[in-house]
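Dear colleague,

Please find the structure below, followed by a summary of what was found in it.

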Amino acid sequence: MKITRVEAIPFAIPYRKPLRFASGEVHTAEHVLVRVHTDDGVVGVAEAPPRPFTYGETQAGIVAVLETVFAPQVVGLSLLERETVHARLSRTVGNPAAKSALDMAIWDALGQSLDVSVTELLGGYTDRMKVSHMLGFDEPAAMVAEAERIRDSYGITTFKVKVGRRPVSLDTAVVRAMRERFGAEVDLYVDGNRGWTAAESARAMREMAGLDLLFAEELCPADDVLGRRWLVSRLDIPFIADESAVTPADVTREILGGSATAISIKTARTGFTRSQRTHHLAEGLGLEVVMGNQIDGQIGSLCTVAFGSAYELTSRRPGELSNFLDMTDDLLAEPLRIADGELVIRPGAGLGAALDPGKLRHYRQDR
Ligand code: MUC
Ligand code: MG
């Protein structure tokens, strides 16, 4: 169970339609596939999605930091030494997606070596999660039509509506149109990706007061410390910290400072080892948790559902597991399928992320 080699393979798969939100937009999934090889011939996999507008990482940077800094720190360690891996990676600040993909590929290799699923290794609570779908910026009618298509095709009835545009009525009109079209049939929440000021957020939330939202997420920047505390103190629904709370220490700071009352856990940025710490912290603090999506492909979504299914708290709410539906293709030999609004973990050992070699050859950018 010794790690012998780490590969970082850049690949690019176009989106059918771009996903647009307040902090950026994604047209092509330019991700990095991470493969961890062991002396027993096991290969663990995960993917790193670079999000420069959120964490500063780029695809080239992720490949470079994995090859030159992180791989030499883990080669020679046993798959069982995950805390040593965590301590060594933590010597370098930042680089959350690169560290997380390496961490999750190690867990996948460990699961395969022990012949148990990653979900069982982590906690084994259930084998599935309900799915929440993210709606990117568009006109109200187009966003409602997209929600109808997603509901009819996959049985999904929870939607996260991207907000944060100016004037705020551009977005409140979408949420109103969604509620008018679907009534009580759907659950709705909003994510501003820091696009509004605290005052704009308060105005938008007033306009949406009768629309029965579940949560509000990152409506304004956490750096506007007093403004955000003021906003959160006025809300009567949980306020989710997403990109403002990457590490467990960030979560502690946001929650104890009164700048958030719930959190998003994203395996793409905290892997499995750190996501465990964040989960335990959230449980101790009595926080609502949503398993978030960093616009992951199918391998990343498999990682999210594997972790989310492992615990009662993380599987309680629908997880954001469907961004891959907007991609034209992916790398898995057996594509993920969402049915009846649910995504089920793969049976068998590790993550169950067998790759299609032809697709990898086609989409990889390094040869
Ligand atoms: C989200 O929840 O914010 C947008 C940027 C990112 O890093 O994740 C997405 C979704
Ligand atoms: Mg978010």
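What distance separates the centres of domain 1 and domain 2, taken over C-alpha atoms? The answer is 23 Å. The model is predicted: local features need pLDDT of at least 70, side-chain atom pairs count only at pLDDT 80 or more, and totals for chains, interfaces and linings use all residues. Residues are numbered from 1 along each chain as its sequence is written, while chains are lettered from A and ligands numbered from 1 in the order in which they are written.

The chain is assigned domain 1 (3-115 + 358-363) and domain 2 (120-344), with bounds from an automatic or database domain assignment. Their contact (C-beta atoms, placed from the backbone, within 7 Å) takes 35 residues from domain 1 and 33 residues from domain 2. On the side of domain 1 that touches domain 2, α4 gives the largest share, nine residues; helices are DSSP runs (H or I, at least four residues), numbered from the N terminus.

The largest nonpolar core has 99 residues. Such a core is a set of buried Ala, Val, Leu, Ile, Met, Phe, Trp, Tyr and Cys residues joined through C-beta atoms within 7 Å, where buried means 20 or more other C-beta atoms within 10 Å of the residue's own, placed from the backbone. Its largest share, 10 residues, again comes from α4, and each domain supplies at least three residues. Leu 66 is among the residues with the most contacts inside the core; leaving aside neighbours within four places in sequence, Leu 66 contacts Val 6, Ala 8, Val 34, Ala 71, Ala 98 and Leu 102.

Yours sincerely

How values were computed:
Contact = placed C-beta atoms within 7 Å. Helix = DSSP H or I, 4+ residues; strand = E, 2+ residues; numbered from the N terminus. Buried ≥ 20, exposed ≤ 12 C-beta atoms within 10 Å, placed from the backbone.
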